[in-house]
Amino acid sequence: QDDNSDIWFHVDIAGQEVWASSCNMVVQDCPTRYIEQPYDKNTTDQVQLPGCPPIITRPEWGARQPKQPWTPLPGVPTYMFIHHGAGGECFDQHSCMEKVRAYQNYHMDGHGWDDIGYNFVVGEDGNAYEARGWERIGAHTKGYNTNGIAICVIGDFTSKVPNDLALTKVRQLIQCGLDNGHISHSYTLKGHRDVGSTACPGTHFYNLIQSWSHYVSGTALYHA
């Protein structure tokens, strides 16, 4: 503070550190609302949860930064949606990471979305890949993005089901979410086609998940 009662602030503007006088600034309280921190590629603690399978993090698969800060889910999701990529398959980590990057590019550049739409992606290499993670609103299932988590399995499962490695990982992720309070214990499991005009997650995969716990067809809810 100088003799004229000006207050000087040390601020970062577009990556440049500068000093600015209060006489050239308007200083006010921030509105009371959630402000998410910028995406930090070195922060992975919110996806690697206790008792859960290892997850390939965004830095590890080479994710782009989202166009906008993520929006947090408003509450514990009550839906779990199963998707398929409807394209090529992969059976090793290198190939699967390429597929996840391709999904992100398609969603961001093709659809104009802020980021990859799913919460997690699973490959037939047996790995789970962090997309938007547990606590952020995705862009995966119209009308359900704010109260649902989506897992997409890489590949086209119209005429076959995912291999055992992928199926095991999907079920481990669901259990992980339950055990750590990121999915409601009364959640409803659905295929994407249950709530939208789509063939996703492929006919054979869709037929399989109907035998899983918590599955209910159409828009009906699960009741214990």
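Analyst: A salt bridge is counted here when a side-chain nitrogen of Lys or Arg lies within 4 Å of a carboxyl oxygen of Asp or Glu. This is a predicted model, in which local features need pLDDT of at least 70 and side-chain atom pairs count only at pLDDT 80 or more, while totals for chains, interfaces and linings use all residues. Residues are numbered from 1 along each chain as its sequence is written, and side-chain values use heavy atoms, with hydrogens and water left out.

Searching the whole structure gives three salt bridges. One of them joins the side chains of arginine 58 and aspartate 115, at 2.9 Å from N to O. This pair links distant parts of the chain, 57 residues apart: arginine 58 is in helix H1 (residues 58–61), and aspartate 115 is in the loop between helix H2 (93–110) and strand S5 (120–122). Helices (H or I, at least four residues) and strands (E, at least two) are DSSP runs, numbered from the N terminus. Arginine 58 and aspartate 115 are both buried. Buried means under 20% relative accessible area, exposed means over 50%, and partly exposed is in between (1.4 Å probe, protein chains only).

Arginine 64 forms a salt bridge with aspartate 109, with 3.0 Å between the closest N and O atoms. Arginine 64 lies in the loop between H1 and S4 and aspartate 109 in helix H2, so this pair ties together parts that are 45 residues apart in sequence. Arginine 64 has 30% relative accessibility and therefore counts as partly exposed. Aspartate 109 is exposed, because its relative accessible area is 52%.

Lysine 160 forms a salt bridge with glutamate 89, and their closest N and O atoms are 2.6 Å apart. Here too the pair links distant parts of the chain, 71 residues apart: lysine 160 is in the loop between strand S7 (148–153) and helix H3 (164–179), and glutamate 89 is in the loop between S4 and H2. Lysine 160, at 31% relative accessibility, counts as partly exposed. Glutamate 89 also counts as partly exposed, at 40%.

Two elements named above can be followed further. Strand S4 (residues 79–84) runs parallel to S8 and is joined to S8 by four bridges; two strands pair if DSSP finds at least two bridges between them. Within this pairing, isoleucine 82 stands opposite glycine 191 in S8. As for helix H3, its buried residues include Leu167, Val170, Leu173 and Ile174. Just after H3, glycine 181 takes a positive phi of about 75°.
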